[in-house]
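Good morning. I will keep this short and talk about one topic, salt bridges. Please look at the screen.

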Amino acid sequence: MPDFQLFQKFNQEAYLELLDASFKYLAEKSGSVDSFSQYKKICSSSGIEFSELEPSLQLFLQLIRDAVRKNKSLTQLCDELLNLGMSEDQIDVFSKQWEKVHSSLIQTTAAETIPINPLIDMEWKFGVSSASSQFNSIGNVFLQMKLEVDQGNGRTKTVCFELQLSEFYAFLHEMERARASLDYLS
């Protein structure tokens, strides 16, 4: 398993460049090939082979991704870095950089995690069942919804569904929770 003692071979300036390249790579939605050329440049200026650093760097990037996805505290993340061999001085530098980029990493992760098809149009109507082959379903309130969403590239999709009143309230509650989460992230 790669450890982070290799990061101690970098001077503070090179380590800062490495952190900046890593955070830039993670903040861009698709990642960047440019970041890898920057990693190679930082390694060559520090006299380190990129192939030697790559396993540790991949683990480092995965730790950061996991910390963002699982909403780990900075203390938890720093403890993991320390256990993997990163020096306390480098963890202090990491912490300062983390404070600057943490919110943008959360936004990028949320954007990657939640694909959103924009809503173009919505039609809805409430109804009450007046006839049914089942006696206990007469008089039930329901909601019929028809959503038209943009799938990109000029394509749209129509989604139709029906909810019982209890299902509608559960759906409404989930939408309110989702809105609160998105408001918190933005």
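Before anything else, note that this is a predicted model. The structure holds four salt bridges, and I will go through some of them.

Start with Glu 52 and Lys 9. Their side chains meet in a salt bridge, with 3.4 Å from N to O. Which parts of the chain does this pair tie together? Glu 52 lies in helix H3, residues 50–69, while Lys 9 is in the segment before helix H1, which covers 12–27, so the pair joins parts that are 43 residues apart in sequence. Lys 9 has 52%. The cut-off for exposed is over 50%, so Lys 9 counts as exposed.

Next, Arg 177 and Glu 174. Here the closest N and O atoms of the salt bridge are 3.2 Å apart. Where do these two residues lie? Both are in helix H6, residues 165–185, and they are three residues apart, which is about one turn of the helix. Arg 177 is partly exposed, with a relative accessible area of 48%. Glu 174 is partly exposed too, with 38%.

The last pair for today is Glu 80 and Lys 72. They form a salt bridge in which the closest N and O atoms are 2.7 Å apart. Is Glu 80 buried or partly exposed? Its relative accessibility is 23%, and buried means under 20%, so Glu 80 counts as partly exposed. Lys 72, with a relative accessible area of 22%, is also partly exposed.

That is all from me. Thank you.

Definitions and conventions
Residues are numbered from 1 along each chain as its sequence is written. This is a predicted model: local features need pLDDT of at least 70, side-chain atom pairs count only at pLDDT 80 or more; totals for chains, interfaces and linings use all residues. Side-chain values use heavy atoms; hydrogens and water are left out. Helices (H or I, at least four residues) and strands (E, at least two) are DSSP runs, numbered from the N terminus. Buried means under 20% relative accessible area, exposed over 50%, partly exposed in between (1.4 Å probe, protein chains only).
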